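User: I am new to this structure and would like to go through it by questions and answers. Please take me through the helices, the loops and the pocket in turn.

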Amino acid sequence: MMRILAMSDAHGNFTRIPAILERAGDVDLILVAGDITNFGPDEKALEMMGMFDKPTLAIPGNCDLQSICNLLDESKAINLHERLWTMENVAFIGMGGSNPTPFNTPYEIEEEEIAATLEKLTAEGRQKGDYLILLSHSPPYCTLDRIEAGNVGCKAVADMLGKVDLIVCGHIHEDKGVMEVAGTTVVNTGMASEGSAALIELDEKSGKLDIEMLQV
């Protein structure tokens, strides 16, 4: 059994993270789905990654500067943005930033580029692991992506539904939760700055998932 703590959208406010870690208990792995900072500075990422004593996979969000990737490479965490990493028979792929928003935030990527990257990573991931997890800042379009104005998720991530086993995301603060679409489980962890996270228990052999939304 693999126990994974997933969180996103700390936005530079790490005050609730010790309580999240205490609530989660012993875990094997930590996933950080972006918006580590609130438009910088990059050094805040070192502060956050320094709070974890377990292997940590992290990606940037749209409110992080693009240069944060260099700092994540230097941290003790693993920068999963546009990369593949495996643990036992589980493959993890990462896509940080977000599809374009109306707000011209620092790290936005065109849908076509996201799609090309994810197709490549998914093909590689399927060769490397029996179970495939996508760590994405943006949720899939029409899945845990709803704001008052409508659905604002990423269509390229939505194309991964049915192709990966689990998507862990954040970005849309208003729509945290768990959904299953086309055989893919999607978890929007909510805002770590407000004490939200998700505890994921994965049976690597059967693929059975048990997900608990945490609030501290």
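This is a predicted model: local features need pLDDT of at least 70, side-chain atom pairs count only at pLDDT 80 or more; totals for chains, interfaces and linings use all residues.

User: Which residues of helix 4 are buried, and how wide an arc do they cover?

Analyst: The buried residues of helix 4 are Glu111, Ile114, Thr117, Leu118, Leu121, Thr122 and Gly125. They lie on the same side of helix 4 because the arc they cover around the axis, taken from the directions from the helix axis to the C-beta atoms, is only 135°.

User: What do the buried residues of helix 4 pack against?

Analyst: Contact here means heavy atoms within 4.5 Å. Packed against the buried residues of helix 4 are strand 5 (84-87), strand 6 (90-95), strand 7 (131-136) and helix 5 (155-158).

User: How far apart are the end C-alpha atoms of helix 4, and what span should its residues have?

Analyst: The expected span of a helix is 1.5 Å times one less than its number of residues. Helix 4 runs over residues 111-128, so its 18 residues should span 26 Å, and this agrees with the separation of its end C-alpha atoms, which is 25 Å.

User: Is Gly125 buried or exposed, and which residues does it touch?

Analyst: Gly125 lies in helix 4, and its relative accessible area is 0%, so it counts as buried. Leaving out residues up to four places away in sequence, Gly125 touches Leu84, Ala91 and Leu132.

User: With which residues is Thr117 in contact, beyond its neighbours in sequence?

Analyst: Thr117 also belongs to helix 4, and with 16% relative accessibility it counts as buried. Once its neighbours within four places in sequence are set aside, Thr117 is in contact with Glu82 and Met95.

User: What phi does Glu82 have, and where is Glu82 found?

Analyst: Glu82 is found in the loop between strand 4 (78-79) and strand 5, where it is partly exposed, with a relative accessible area of 33%. Although Glu82 is not a glycine, its phi is positive, at about 60°.

User: What phi does Glu88 have?

Analyst: Glu88 lies in the loop between strand 5 and strand 6, and it is exposed, with a relative accessible area of 60%. Glu88 is not a glycine either, yet it has a positive phi of about 55°.

User: Which residues of helix 1 are buried, and what covers them?

Analyst: In helix 1 (residues 17-24), the buried residues are Ile17, Ile20 and Ala24. Viewed down the axis of helix 1, they fall within an arc of 55°, so they line one face of the helix. What covers them includes strand 1 (2-7), helix 2 (43-49), strand 13 (196-202) and strand 14 (209-215).

User: Which peptide bond is cis, and what is its omega?

Analyst: Pro41 is placed in the loop between strand 2 (29-32) and helix 2. The cis peptide bond joins Gly40 and Pro41, and its omega is about -10°.

User: How far apart in space are Gly162 and Gly183?

Analyst: Gly162 lies in the loop between helix 5 and strand 10 (166-169). Not counting residues up to four places away in sequence, it touches Val181, Ala182 and Thr184. Although Gly162 and Gly183 are 21 residues apart in sequence, their C-alpha to C-alpha separation is 5.5 Å.

User: What is the volume of the largest pocket, and which residues are closest to its centre?

Analyst: On a 1 Å grid over the protein atoms alone, a pocket is an open set of points where a 1.4 Å probe fits, with protein on both sides within 12 Å along at least five of seven lines, and lining residues have an atom within 4 Å of a point. The volume of the largest pocket, about 360 Å³, is the space filled by probe spheres set on the points, which are joined across faces, edges and corners. Of the 17 residues that line the largest pocket, the closest to its centre are Asn62, Thr101, Phe103, His171 and Ile172.

Conventions:
Residues are numbered from 1 along each chain as its sequence is written. Side-chain values use heavy atoms; hydrogens and water are left out. Helices (H or I, at least four residues) and strands (E, at least two) are DSSP runs, numbered from the N terminus. Buried means under 20% relative accessible area, exposed over 50%, partly exposed in between (1.4 Å probe, protein chains only).
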